[in-house]
Amino acid sequence: MTTTQDTTTPSDKTSGVTYTPEDGLLLEVEDLYVEFHTPDGIATAINGVSFDLHQGESLAILGESGSGKSVTAQAIMGILDMPPAVIPGGHIRYCGQDLLSMPEDQRRRTRGPEVSMIFQDALSSLNPVFPVGWQIAEMFRMHRGVNKSDALEQAIRLMERVQIPAARDRVKAYPHQFSGGMRQRIMIAMAIALDPAVLIADEPTTALDVTVQAQIMALLDELQQERQMGLILITHDLGVVADVADRIAVMYAGRFVEKADVVELYSAPAHPYTRGLLESIPRLDQKGQTLAAIGGLPPNLMRIPPGCPFNPRCRRAEDVCRRDRPELREVVPGRFAACHFAEEVINA
Amino acid sequence: MPEVILSAQDLVKHYPIRSGVLRRVAGQVKAVDGVSFDLHKGETLGIVGESGCGKSTLGRLLMRLEEPTSGKVIFGGEDWSGASGRKLRQMRRNIQIVFQDPYTSLNPRMTVGDIVGEPLEIHSDVVPKGGRRKRVQELLDLVGLNPEHINRYPHQFSGGQRQRIGIARGIALNPSVLVCDEPVSALDVSVQAQVVNLMEKLQDELGLAYVFIAHDLSVVRHISDRVGVMYLGRMAELGEEDEVYSRPTHPYTQALLSAVPVPDPTLRGKRDQIVLQGDVPSPANPPSGCRFHTRCWKAQEVCTTDEPELELRPDGLGAHLSRCHFAEPRLILETVDVSDLEPDTRFAGTEVQDMSDLGAGLGAAGGGEDLGSSAADAGVERSSALHPDTDQAPQDTTRLVDEQPGDDRPTR
Ligand SMILES: Nc1ncnc2c1ncn2[C@@H]1O[C@H](COP(=O)(O)OP(=O)(O)OP(=O)(O)O)[C@@H](O)[C@H]1O
Ligand SMILES: Nc1ncnc2c1ncn2[C@@H]1O[C@H](COP(=O)(O)OP(=O)(O)O)[C@@H](O)[C@H]1O
Ligand code: SF4
Ligand code: SF4
Ligand SMILES: [Mg+2]
Ligand SMILES: [Mg+2]
């Protein structure tokens, strides 16, 4: 691993395996599929998703609830419940090594020191019966074999780093004794404790007030710069993306329908869904705006419509859309969209 | 300005905190602590503020779902604070409420027809028995739902559709005021606009006045004529939409506005960002003087001792209500007036349509879309497991208006 780090050197890692990104390429997800086999049928939650992530880069995955964002994250982390989940195809390579074919104990050792995740709901992902400081310290003990008092000391430093006031006095406090914002900071502390190269943040601020959201996003941004992590930010908030991400992938019914540089995507979306989303959100800096809503609902993943999955809601749809599935393709250099009429949409 | 239809006068709601085995009152949560405003006929008053600042409690007080500790609610010139029995019922006819969470606020065991028609049963003089089914179907049609779905159950609808059911129920009695507590917060972005557009359409057609409670400042700006910003149970600033958003004078409003992310990456790093330190203090023990002084970067000695009044203070162009000793306007974000612009409707529409007709994966067996099986069933479980009488802050979303104690509703 080549990330700069304050406390760790690769030899600290008990795994013994070192991972070196080539040309800064940390993560490659290639044609990934995830299905859920349920009594009611097979839900295809991820339907051929591909992307890369480099050191120091922030990629936003934007989508509405149920579009497959969290499942993508869980597949990368290797924490999907299997069954009901099945991965019928695809590769997830970390520094060139396929995580999906790796022996489970080797893969487990990547969780934390290499790839790490902040969960959507901080309260339910912290253990309520242990003090937070102890929970952080435990990570140092398990992964680095540090002794108890040193681990606690490192935990305190980390809590200070994520701006928990009076961290030393609070190291023995339990999760419920912290506010929502502070719990989210503690989640962040735990996620970055082992200096991961890749950090996945799944809706890290969705449950928080805007003022707290601003603090948390600022902190994440700072940490990413400082450690040159690759950040995957999962969100449904077009505002948050605009503030943080370099690149964005828009997800709809388990597929990426558009992938682009953030500035370009906002100025000229290439997919009708992205366009519709941008027109349906009220903006703080506008008055007298008429909202144009996308009609209908995202599809049931057990019955994804034939042709373009967006066609029942798309105003631009033609016969070909109900028949042929558009592939994600490069429309103009660096811009990808899965729409038969992407050229027209991007110029609209 | 049109006549005042509803007015809150110095409303206060304190909840006792009990502790120890004897459950002695150890303190008071000052959820709402002296809030006054007027609501005019046909207008929308937005209420914003951080979690726990008292927005939902205020909504419940307006509806008289909760007895105020002190203060009055005046409706149509009459004081309804002490009303009970018939008088209270009569008032409820005119003020209805729509709750936050479309997953838990509807009774899972009632059909849509029963849910929307229930107010008509309770207020049986409004529509004669024989005409009620027809009225319910009209209401469903009005909110963009298929009237033929009258016999379906809530779990057969999506979140946005459920919110429409809640709205249909809210307007069943032709109220003049609709209190909406976070009506679109639980909805996905693409569906949120459908419901917002519907609410605007209904307001135009029915002349409704809305109290629109939400934490999303962009949505509130979009829908509101006037806006009140709450902090720790009090109104920090109150004015026309433009006054509050373009010329805010209270530091809290300024900080709140500056924290809202704007969906425009070219503004990154160029916005005036005020990052507030620390959390909101406990409403059980609000700071002395100005309640915001513990987080305010402008605080002076006087702020810790003297509470500022909510009064007209100059905002650069005129003056509007603000509760700060050192109120002065600060431009957080340049506002673009886009009211002349026709929206681009080539890819999304502005009309309010029946979502179920689009058939986006809706199952023939009854709208069993994506949310249908998992989320909806979870919703059913959640609502049946509710204990409305717990000590905690009520889950505003879990109760329906007419299930409140004090409302002598007929047994069915
Ligand atoms: N029945 C109750 N008993 C005790 N405390 C209560 C009760 N209802 C509300 N509170 C407290 O009053 C304060 C205001 O609550 P309220 O629900 O009005 O907040 P809110 O502004 O609606 O917040 P949110 O944005 O999270 O919905 C909170 O501190 C809450 O815990
Ligand atoms: N354990 C599970 N069993 C069955 N279906 C699941 C499971 N986890 C997720 N899904 C389904 O996969 C789809 C994508 O879910 P998710 O990735 O959580 O969406 P989001 O984009 O909101 O994070 C949803 O339709 C969800 O219901
Ligand atoms: S392929 Fe057709 S239906 Fe799909 S987004 Fe493009 S225009 Fe719409
Ligand atoms: S009165 Fe003082 S503490 Fe309160 S908002 Fe104004 S400057 Fe800040
Ligand atoms: Mg998710
Ligand atoms: Mg509330």
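**A walk through a two-chain model**

Ser56(B) counts as buried, because its relative accessibility is 17%. Buried here means under 20% relative accessible area, exposed means over 50%, and partly exposed is in between (1.4 Å probe, protein chains only). This is a predicted model: local features need pLDDT of at least 70, side-chain atom pairs count only at pLDDT 80 or more, and totals for chains, interfaces and linings use all residues. Residues are numbered from 1 along each chain as its sequence is written, chains are lettered from A and ligands numbered from 1 in the order in which they are written, and side-chain values use heavy atoms, without hydrogens and water.

Stay with Ser56(B) for a moment. Find helix 1 of chain B, residues 55-62; Ser56(B) has its place there. Helices (H or I, at least four residues) and strands (E, at least two) are DSSP runs numbered from the N terminus. Now look for Glu182(B). How far apart are Ser56(B) and Glu182(B) in sequence and in space? They are separated by 126 residues along the sequence. From C-alpha to C-alpha, the distance between Ser56(B) and Glu182(B) is 8.7 Å.

Step back to the whole of chain B. Its fold has 11 helices and 13 strands. The chain counts 412 residues, and 56% of them are buried. Next come its contacts (heavy atoms within 4.5 Å). Take the contacts in chain B with a separation of 6 or more: 68% of them are between residues 24 or more positions apart.

Now turn to the inside of the model. Which residues touch the most other members of the largest nonpolar core? A nonpolar core is a set of buried Ala, Val, Leu, Ile, Met, Phe, Trp, Tyr and Cys residues joined through side-chain atoms within 4.5 Å. The largest one holds 74 residues, and the answer is Leu27(A), Phe51(A), Ile76(A), Tyr94(A), Ile200(A) and Ile232(A). Strand 2 of chain A, residues 41-54, is the top contributor to this core with 6 residues. A separate second core has 69 residues, among them Val196(B), Val219(B), Val227(B) and Ile274(B).

Leave out residues up to four places away in sequence. Ile76(A) then touches Leu27(A), Val29(A), Phe51(A), Ile92(A), Leu99(A), Arg107(A), Val115(A), Ile200(A) and Ile232(A).

A charged side chain can be the next stop. Is Arg275(A) buried or exposed? Arg275(A) is buried, because its relative accessibility is 10%. Look for it in helix 11 of chain A, residues 272-280. Its partners come from both chains: Pro269(A), Val345(A) and Ala348(A), along with Asp344(B) and Phe347(B). Again, residues up to four places away in sequence are not counted.

Next, the ligands. Of the 13 residues around ligand 3, the nearest are Cys308(A), Cys314(A), Cys321(A), Cys339(A) and His340(A). A residue is near a molecule if one of its heavy atoms lies within 4 Å of it. Ligand 4 also has 13 residues around it, and Cys290(B), Cys296(B), Cys303(B), Cys324(B) and His325(B) come nearest. The shell of ligand 3 splits into 9 nonpolar, 3 polar and 1 charged. For ligand 4, the shell has 9 nonpolar, 3 polar and 1 charged. Ala, Val, Leu, Ile, Met, Phe, Trp, Tyr, Cys and Pro count as nonpolar, Asp, Glu, Lys and Arg as charged, and the others, Gly among them, as polar.

Finish with the backbone. Most residues other than glycine have a negative phi, and most peptide bonds are trans. Pro83(A) sits in the loop between helix 1 (69-77) and strand 4 (85-94) of chain A. Pro84(A) is in the loop between helix 1 and strand 4 of chain A.

Then there is phi. Cys95(A) is not a glycine, yet its phi is positive, about 45°. The loop between strand 4 and strand 5 (97-98) of chain A holds Cys95(A). Cys95(A) is buried, because its relative accessible area is 12%. In chain B, Leu232(B) is not a glycine either, and has a positive phi of about 45°. Leu232(B) lies in the loop between strand 9 (226-231) and strand 10 (234-240). At 2% relative accessibility, Leu232(B) is buried.
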